[in-house]
Amino acid sequence: MKQANNNEVDLLLRALARQRSSAAGQSGSDGGDEKSISSDHLDADELNSFAEGLAPAPARARYTEHLSECAACRRIVVGLTQAAGIANRLEAPEQTRGAGFWQRLSEFLSPRVLGYAIPALVLTAVIGIGFVALRQREGSQLVAQNDRPGEAPAVAQNKTDSGQGSVVQPQPTVQNGQTGPTTEAPKERNTLEDEKLRAGQGLQKPDAKVAKVESSKDSGQPADVASAAGSRPYAPEPKAAEAPPPPPIINPEKSGELAKERSERREDQPRDQNEEVRVQTDDVRGPNRSRSNTAQPMSQRGAGVGSGRGLSADKNKKNADVETRSVMGRHFTRAGDAWVDTAYEYSQATVRVARGSDQFRALVADEPALRTIAAQLDGVVIVVWKNRAYRIQ
Amino acid sequence: MSQRIDQIGKLFVEGAVRLLERATDKHGLKVETLVPRVTAAVDKYILRDDPQAPAEVIQDFIDKLQADDLCLIVACEQGNQKAWTDLVERFSATVRSAARSASSNEEGAEDLAQSIWAELHGLRVREDGRPAGKLAYYSGRGSLAGWLRAVVAQLAIDQHRKQSRLVQTEDDADFDLIIQQGEDETTWSGHGASANPELQISAKLAGAQMQKALAESVKQMSAEDRLLVKLYYFDGLRLREAGAVLGVHEATASRRLTRIHGELRQQVERLLIEKGGWTQPETARAFSEVALNLETDIEPLLATEPVLMKKENEVAG
């Protein structure tokens, strides 16, 4: 509204100037004035001092008064100003010195400023809301996938989330077709897998950093848990076997990428060719595996070594209990009554085969190496063979 | 009183001494030669407006005089041939440039440039025997080059007046004429034609009264604001150029112009209500209608102006 008012006055002033020009043309009758211009107008010194901005304030006011009425002197001053390059010296705009807070506020809230500021703020808000909504949507999808019972891909998709999310979020515990997010289950799984991992790595002791992470995880701090989980390498990677447990550096991106890679690999596996294919349960895997054999790769599960028990006692127990064997190029770890292939991941579905059954005979007929493994390892054997996991019992 | 005169006289002498000390080339001038020039400059710029100006102000003014330029001009005025040669050598290019700007053709510019030296030296002779030239009017407040440009410009106007004998009227006369025309109430050219003759006459009357009120409002503005309006609207300067004349940045000039628009509108409305008997809605409606008609009427003339104004407003932030 104010701008419109200004435009109206602007147009009126332009019309007035146009009217003045025509009026001047009509009234050109005083051409007989032959008096020297300097006698009635500002002299050259005054014009120059005004143009150069050197006239004292009172004199300048007097000259301004004259210039506002005298077109001839104005023309000279304009020419002097342009010749002196005064405009180029006035680079910095005049600040509103001494302007009060309210004046500055009103200038800040002027329509001219808000015309740019409001769209920018709205755009920023939309982007922010969209980002938050997208994140929440991803989280809700995760929960929905977790709720599906007995789906291994859902487990794998969980891993595709960030490292923090894959640990902090309640992991799906697939147990005879039932699911239930438990907070203790991942810890137990981690303990078991860590035992297995260390057995495969020659019983390397965790360093102090890992111990610190584990202890902090025991205290139930999600951030530390996340950092620990995100920093652990996966079991199949040879570096994990050679190097000590990595320091607790948060690297969720890497963890997420690896998890995604694993999930893709897992999706390639046939899932339901055999009716005996089931999601592995926890009943025969030793005391540490109960109700928790899902989701996490072994290396990540190692993050939960210290969960639920003291660190030193845990170390001693592991050193005493872990036993390994190698048969037909496969490395097995003793876990309770079972021999578990180090390449096995607990999220992997297994084919149960009973020793002496027709199915067992058919299997060993096709894969004689499995016969050797089953013969040399007593009790329950979990072996990964040609990307399939067999539970021979 | 006499004490004040003595004090000021002492300030002049001391100032002249300092001025002479600041000059790189004294041209053989003595302090007593400079004192009258210093006195004239202080009278012109300080004591005329404030006879009781403090000593500090006078001292500051004297110390800001262009020492070299003033000594050169005074030496020329004293008949120092070397100083005169120096003046011509140093400033002939400036004078020629100013002459070319003031003249419409090269021949006229050359004539003007040649005549300026005669004007400076003086063709007439004063009572003391020295030539009565324009050199006596240089105070040293501004630069000598700027002063020479101003002298050239004034001389060009004088010569133009003498030659053409057709001089453009001054702004006051213009406004008086416009106001007088407004009283006729039939000369408003801003309104477009209306299909209804009655409405057309009514619109013309309204427009004429508004024009008259606007002209009066412009005359009632402060000299600084009025000068800005004249420079921007009447002389066709850009805001950058108008701001330079006023010594402010174009952004500041734009803000001032925006403020002036608002004040002018209020003043015009007040005049229309108080003197014309209009009502507030009538003035608002008249503004809109007149501006609407003007917009279509002067659109060809302002083909580039809106873009310019918009740009300047953007710069003003």
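Is B:Trp147 buried or exposed? B:Trp147 has 1% relative accessibility, so it counts as buried (buried is under 20% relative accessible area, exposed over 50%, partly exposed in between; 1.4 Å probe, protein chains only).

This is a predicted model: local features need pLDDT of at least 70, side-chain atom pairs count only at pLDDT 80 or more, and totals for chains, interfaces and linings use all residues. Residues are numbered from 1 along each chain as its sequence is written, chains are lettered from A and ligands numbered from 1 in written order, and side-chain values use heavy atoms, without hydrogens or water.

**Aromatic pairs**

Rings of Phe, Tyr and Trp (its six-membered ring) pair if their centres lie within 6.5 Å; planes under 30 degrees apart count as stacked, over 60 as edge-to-face and the rest as tilted. B:Tyr138 is buried too, at 0% relative accessibility.

Next, select A:Tyr63, B:Tyr45 and B:Phe61. Ring pairs link them into a cluster.

**Strand β6 of chain A**

Select residues 380-385 of chain A. This is strand β6(A), and 6 of its 6 residues are buried. (Strands are DSSP runs of E, at least two residues, numbered from the N terminus.) A:Val380, A:Ile382 and A:Val384 lie on one side; A:Val381, A:Val383 and A:Trp385 lie on the other.

Now show residues 338-341, strand β4 of chain A. It pairs with β6(A) in the parallel sense over 3 bridges (pairing takes at least two DSSP bridges). Find A:Ala338 opposite A:Val380.

Note on methods
Helices (H or I, at least four residues) and strands (E, at least two) are DSSP runs, numbered from the N terminus.
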